[in-house]
Amino acid sequence: MTRAVVTGIGIASPNGLGPTAYWRATLHGEAAIKPITRFDSANYWAKIAGEVPGFEAGRHLQGRLLPQTDHMTRLTLVGTDWALRGAGVQPNDIPDTDIAVITAATAGGYEFGQRELQKLWHQGPEYVSAYQSFAWFYAVNTGQISIRHGTRGPGAVVVSEQAGGIDSIGHARRQLRKGVQLALTGGMDSSLCPWAWVAHQASGCLSRNNNPRRAYLPFDRDASGYVAGEGGAIMVLETPESAAERPGTRIYGEIVGYASTFDSRMPSREPGLKRAAELALRDAGMDASEIDVVFADAAGIPELDKAEAEAIKGIFGPFGVPVTAPKTMTGRLFAGGGSLDVASAILSIYWSAIPPTVNVENPVPEYEIDLVMNEARHGKVKAALVLGRGKGGFNSAMVVREYR
Amino acid sequence: MSRRAVITGVGVVAPGGIGTKAYWKLLSEGRTATRIITHFDASPYRSRMAGEADFDPVREGLTPQEIRRLDRAAQFAVVAGREAMSDSGIEFDQLDPGRIGVSLGTAVGCTTSLEREFIVGSDRGKYWEVDQSYAVPHLYDYFTPSSMATELAWTVGAEGPVSVVSTGCTSGLDSVGYAAELIMEGSADVVVTGGTEAPLSPITVVCFDVIRASSTRNDDPTTACRPFDKTRDGLVLGEGCAIIVLEELEHARARGAHIYGEVAGFASRCNAYHMTGLHPEGIEMSDAINIALKQARADATDVGYINAHGSGTKQNDLHETAAFKRSLGAHAYKTPVSGFKSMIGHSLGAIGSLEIVGSLLAFEEDLIPPTANLHEPDPECDLDYTPLVAREKKVDTVLTVGSGFGGFQSAMVLKKVEGAGR
């Protein structure tokens with residue numbers, strides 16, 4: 001079977017730009033959930049978010065791209081540039097038809113869309129941007145990456161709410177198996193504008209606690225919902241043979257297992273997260289005992305935390321494996337969240353350290369999970385399981401392993 | 001033994017009628033269902049026409065809560081999904097739910113509901129800070145289109161892989177291609193797939209107005225979409241949905257199912273050229289066709305019918321005509337081509353699935369639906385576009401293609417399956 005290794009990681013996270021800065025901050029537990037600055041939150045009950053600071057799109061992208069892109073597309077394009085640079089891929093290294101682009105989306109370029117909707121309804125149709133037809137839609141990031149890098153292989157966009165970031169990488173691995181050499185994959189997301197914010201508030205999932213240190217507390221007895229954030233990760237995924245064509249290419253790790261399942265609407269049925277994890281392990285040909293850390297979905301919603309703890313306990317036994325949720329530092333990044341978790345798992349393996357879960361002080365004892373709290377744990381990490389769930393019933397699981 | 005993905009059930013909501021029968025009647029008679037928009041007052045806009053579905057959710061059996069909760073596009077998916085389930089003859093509640101998946105295509109999701117709620121929350125665009133007190137309970141479901149896959153998954157009882165595939169105007173082909181991959185790799189035995197779109201709201205119309213992609217033949221809406229005709233002046237929007245039950249071949253055979261055909265080959269390509277423009281040489285679409293044919297173990301000369309993208313823009317017509325010639329060579333000239341958008345308009349992320357279903361029905365009926373409104377062929381488009389009238393022809397291999405904003409080019413090869421019953 002064709003193998004899939006990660007050779008480049010582009011990260012834009014509320015606590016760091018680029019894999020080095022992100023990893024340093026994450027290992028130190030640097031939380032980046034803060035009062036919202038991107039719009040005036042005075043009229044909204046939720047007032048905190050994980051914003052990506054210090055990102056000046058104009059420093060990285062040509063001016064002509066700015067009027068046609070939403071913030072999330074700019075993050076994506078810059079993240080992709082970084083991932084390619086990290087992987088040492090030069091234009092023409094690889095035939096353009098052998099490169100796939102597979103990204104995840106949740107709501108598209110929402111801020112761009114709000115601006116154009118406002119122009120249409122307040123000023124009139126003649127004020128709407130000529131770029132509206134594509135700048136807001138879900139497929140935009142894949143199309144823009146393809147154009148920027150001249151990739152002419154397969155392209156796709158998957159949407160499965162917050163599980164999508166994992167699904168996109170799973171689908172990229174499928175493309176390698178179908179014969180492409182390299183895939184640019186993952187998700188970067190952003191929907192920090194008032195029109196998106198009322199939708200986030202309506203989801204029923206945001207915490208009503210506006211203390212950045214007390215709002216998003218997965219597995220804690222005070223769990224009260226989550227905090228929204230922006231950012232994510234784009235990765236270069238390729239076959240080991242492809243990586244070997246560029247001597248000296250660093251291989252961070254390998255994607256060895258993936259599966260997704262869905263929750264029944266019937267309460268009598270067991271939620272599908274455990275099954276997704278088991279299927280991903282089976283896909284990897286691995287036993288649970290070989291997993292050194294679980295990057296949890298960590299919804300921060302009591303019944304979902306309980307279900308996830310039960311799934312983890314069901315597979316690994318009580319306190320059977322270290323569990324962590326570095327997203328407690330950034331908030332949940334929607335289409336970007338799953339791929340940033342996969343990137344974190346890969347970095348854990350590469351740097352032999354498990355980043356901590358922050359702010360959680362009182363994990364529910366009945367959950368019986370070994371939550372990595374407050375401080376990173378250093379030591380060899382050979383393999384990690386990444387879990388993700390999306391509102392509506394989506395479950396995805398991915399197994400990553402050191403490359404040997 | 002490799003696994004193969006076959007189609008055993010179809011359901012349709014389309015302009016001109018609800019249900020597969022009404023849809024086939026329209027296509028086979030070569031009638032058009034495009035008209036002046038009635039869903040809202042389109043008089044301020046440049047293009048005021050669309051293929052609208054006469055869809056009454058109450059008559060189609062949706063409950064009051066479903067009607068309140070679901071965007072129109074999701075309503076289409078549930079209704080067409082129920083028809084496809086029943087058509088397949090599968091007792092869904094007897095299957096292992098973990099082996100049932102869903103892959104739904106949509107380009108713009110719940111855009112109609114979002115625009116309606118935006119108008120209220122912003123008081124017609126007056127406030128940037130949208131008023132939170134006007135948020136409806138299901139606003140988050142409209143925010144992300146994966147909510148529509150959730151609804152379809154609930155309808156069929158799926159607990160296997162579920163996702164939306166959103167690649168603009170190729171979504172309806174790509175979602176079915178994705179579903180076929182799930183079956184072939186062994187992740188599911190049955191995947192309910194297809195595409196749905198209900199984009200007819202002012203913001204969508206304006207999107208196409210501002211880039212002058214849509215037709216302005218507002219005085220003659222029924223003949224406005226004229227693919228391959230030299231008088232064409234752009235696309236006409238549409239809405240609709242097709243849901244397809246895709247099943248592993250042996251699974252279908254074991255229950256003696258009627259098999260419409262096989263998804264024998266599928267490929268997608270990015271053109272890396274322009275977010276809305278197409279290169280006239282059609283290289284990437286041709287690449288996609290070649291890979292799909294290879295995967296289907298079919299030669300170019302096996303293709304008996306080409307279901308074109310046929311959006312009604314000059315750029316598209318030249319692009320795909322070039323791609324067909326590049327891939328099929330001399331055989332392209334001998335192969336009937338037709339475009340359904342001339343009859344039902346361009347329903348963005350749904351149309352690819354509607355075209356698949358129409359192509360499967362062509363297998364069933366040995367009849368190729370025509371390209372409507374094609375009276376004066378463009379001399380630069382010199383293939384056989386099956387003008388105006390359906391043509392009797394026994395076909396066992398169909399090529400269907402799609403092209404979308406973002407540079408997506410997709411091709412699918414559908415093959416008749418021998419010993420397929422009925």
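Tutor: Happy to! This is a predicted model, in which local features need pLDDT of at least 70, side-chain atom pairs count only at pLDDT 80 or more, and totals for chains, interfaces and linings use all residues. Residues are numbered from 1 along each chain as its sequence is written, while chains are lettered from A and ligands numbered from 1 in the order in which they are written.

Let's start with the contacts. In chain B, 67 residues are in contact with 60 residues of chain A; contact here means that the C-beta atoms of two residues, placed from the backbone, lie within 7 Å. Several elements of chain B each supply at least two residues to this side, among them α4 (111-121), β6 (162-165), α8 (202-210) and β10 (261-270). Helices (H or I, at least four residues) and strands (E, at least two) are DSSP runs, numbered from the N terminus. The largest share, 7 residues, comes from α8(B).

What about residue classes? This side of chain B has 35 nonpolar, 21 polar and 11 charged residues. Ala, Val, Leu, Ile, Met, Phe, Trp, Tyr, Cys and Pro count as nonpolar, Asp, Glu, Lys and Arg as charged, and the others, Gly among them, as polar.

Now look at β6(B) again. Strand β6 (residues 155-159) of chain A pairs with β6(B) in the antiparallel sense over 2 bridges; two strands pair if DSSP finds at least two bridges between them. Within this pairing, A:Val158 stands opposite B:Val165. Strands of a sheet pair through backbone hydrogen bonds, either parallel or antiparallel.
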